[in-house]
Amino acid sequence: MSSQYGEVYSQWMQDPVSFWESQAAQIDWIKPWERAFAAEEGAYGRWFSGAQCNTSANCLDRHVGSGRAEQLALIYDSPVTGTKQRYTYAQLLEKVSQLAAVMAAHGVGKGDRVLIYMPMIPEAAMAMLASARLGAVHSVVFGGFAAQELATRIEDAKPAMIVSASCGIEPGRIVAYKPLLDEAIELSAHKPSCCLIKQREALNAELVPERDYDLEGLMREAARTGQSAAPVAVEATDPLYVLYTSGTTGQPKGVVRDNGGHMVALKWTMENFYDVKPGEVFWAASDVGWVVGHSYIVYAPLLHGATTVLYEGKPVGTPDAGAFWRVIAENNVVSLFTAPTAFRAIKKEDPNGEYLKKYDIGSLRSLFLAGERADPDTISWAEQLLEVPVLDHWWQTETGWCISGNPLGLGALPVKLGSATVPMPGYDVQVLDDAGHPVEAGVLGNIAVRLPLPPGCLPTLWEAEERFKDAYLSEFPGFYKTSDAGLKDEDGYLFIMSRTDDIINVAGHRLSTGAMEEVLASHDDVAECAVIGVSDKLKGQLPCGFVVLKSGVEREHSEIEKELVGLVRQQIGPVAAFKLVITVERLPKTRSGKILRGTMRSIADGQDYKMPATIDDPSILDEISEALEGYRSTS
Ligand code: COA
Ligand code: AMP
């Protein structure tokens, strides 16, 4: 089939507002919009201004009312606990309505924030949908973050309630969430008035009297007494959630997602991009703590009337490299979405795909990869193994859905390995030089999206409109700055190569080296430091810290380095995968004192580099090379 992409993209180009208006017919609105796009509202305009809706009702009630009550909505598959649970749309609606009633009874109302710090269990998705039902604003914090990161988010979002669990389960280790939560609340100036805690069999948490409640007990009581909350009408432009993502400093950015535009955009993607039909099973092997989990474990599949899989496990080790094939085979998954790093992990354990022989994955039609650039080797390996299209697509927490990719639903375009294919309707993607002028095809530059951003993208940062404008809109007037660098070839295919800021990508997780530097600098013995991302075969990048100690420090370097690793793990969390610290005499700098992180990265990766013209003392680069050599030979 030839692709309809070109036709659809030009339809959007010719009349973007009518394009999205016609897609909006797929959503149930409580009150229709006054203007599909209000250019003068917000920082760059707002979508579906004046409309009222409820996201939870569109994900659940609508399908129960239209014949999908008995269809599966959510499949929970947890190899780490040996549990499988299935919820039909009717059952999920019942649970979510009960949980919303419990939340309301404990003081949560429209506009209040509900922070969710949970492992991959059904209650995490239920809490998101229950919050949406009440018109509250959820903020999910990934379980791999430590108390300090959690505290920063509590302090910024000021939640009325926190929903959490006694523990998460990582291969070989139980992560006690409750002590981390207690410590975070202690550290934060804002205190939630109430916490709902899901007690898990693996570990029982102690509850703080008059603040903590047993979530399951309250749900049972709600079921017994017939409590259930109806969906509350919210403005399409009201926030559905705030999701914190790494910025250039230790203060994360609170990406705001609205209700109306978000539903319209996600619904469009399910059929047109992912080629998934209502009633089919879609699996995003990610975590609800990340944007992929928000959009494609919870909201998009449910808005579409599809079945979603919530998987509490890893691609390898739970129990083996056949885990993904088992889940696909047992649940008739038609499309899998994950990060390339997950496939690199499988390839490393099972390069010849022996485990695949044990399963029939005939239901699978496609594999979508995102979160980091899909390297050509991984794509080719997965294509040969699975014999389905393997499609890379590029997106960001800020956009909530893909900026560019290969739209299978519209008919796939030819794949170019290493390219995230073409911009989706909604995105006019330009490659600009540092002065903001478009560069020619094939030339590397700053990737920017012409304003306005399409429905679903962030309208602002949580209570930080100026930071939003500074971070994204000011450098290239009229454009949204993606902070990604790359190029467009003569066919309009996009190649996303690297970040232009100090964000690194570790196993598909977005992390700030600036935040890690803040932690290292807080150690008493550290005078100066720099953290860079070095290439890693499995995780894409790994953080590596260089520290200069204060003069007069006589302790063993290895002892201090160990403390620094512990400090980052304790303050940011295990997800940072921060395990490399090297003590050096000096850091290479420009004459104006800027640390030459880019040059250090090239040295660490063994790449050729040009001696920066502004370098203060070139001999320091040799010292860095020697330190790295020394490190490699001892580790
Ligand atoms: N709660 C607590 N700790 C967590 C956690 C969670 N939810 N998730 C990860 N961690 C911990 C891990 O246990 C590990 O700790 P360790 O240092 O004690 O071993 C650390 O954080 C790093 O975790 P991770 O990045 O998951 O590495 P890993 O070595 O355990 O697994 C992969 C490697 C490739 C299998 C894994 O990273 C993976 O599946 N990645 C897919 C990424 C993804 O889904 N990205 C989302 C974008 S689509
Ligand atoms: P996150 O906000 O966590 O989704 O991370 C977004 C960043 O991940 C982007 O700015 C890119 O740097 C990177 N990224 C995500 N998907 C891709 C992709 N398909 N190709 C290249 N980089 C990607």
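**Notebook: the two ligand sites**

I began with ligand 1 and found one of its oxygen atoms 2.6 Å from a side-chain N or O atom of Glu170. The model is predicted, and I read the distances with that in mind.

Next I looked up Arg173, where a side-chain N or O atom is 2.7 Å from an oxygen atom of ligand 1. I also checked the backbone: an N or O atom of Gly144 lies 3.4 Å from a nitrogen atom of ligand 1. For cover, I noted that ligand 1 has 940 Å² of accessible area on its own, and that the protein covers 83% of this.

I then went through the shell. I listed 24 residues around ligand 1, with Glu170, Arg173, Lys314, Lys539 and Arg569 the closest. Sorted by class, I have twelve nonpolar, six polar and six charged residues there. Which domains supply the shell around ligand 1 with at least three residues each? I found domain 1 (5-313 + 393-486) and domain 2 (507-634).

I moved on to ligand 2.

For Thr397 I have 2.5 Å, for Asp484 2.6 Å, and for Asn505 3.4 Å, taken from a side-chain N or O atom. Last, I recorded the cover: ligand 2 exposes 490 Å² when taken alone, and the protein buries 91% of that.

Conventions
Residues are numbered from 1 along each chain as its sequence is written. Chains are lettered from A and ligands numbered from 1 in the order in which they are written. This is a predicted model: local features need pLDDT of at least 70, side-chain atom pairs count only at pLDDT 80 or more; totals for chains, interfaces and linings use all residues. Side-chain values use heavy atoms; hydrogens and water are left out. A polar contact is a pair of N or O atoms within 3.5 Å; within protein, one must be able to donate a hydrogen and the other to accept it, and residues adjacent in sequence count only if both atoms are side-chain atoms. Accessible areas come from the Shrake-Rupley method with a 1.4 Å probe; for residues, only the protein chains shown count as cover. A residue is near a molecule or strand if one of its heavy atoms lies within 4 Å of it. Ala, Val, Leu, Ile, Met, Phe, Trp, Tyr, Cys and Pro count as nonpolar, Asp, Glu, Lys and Arg as charged, and the others, Gly among them, as polar. Domain bounds come from an automatic or database domain assignment.
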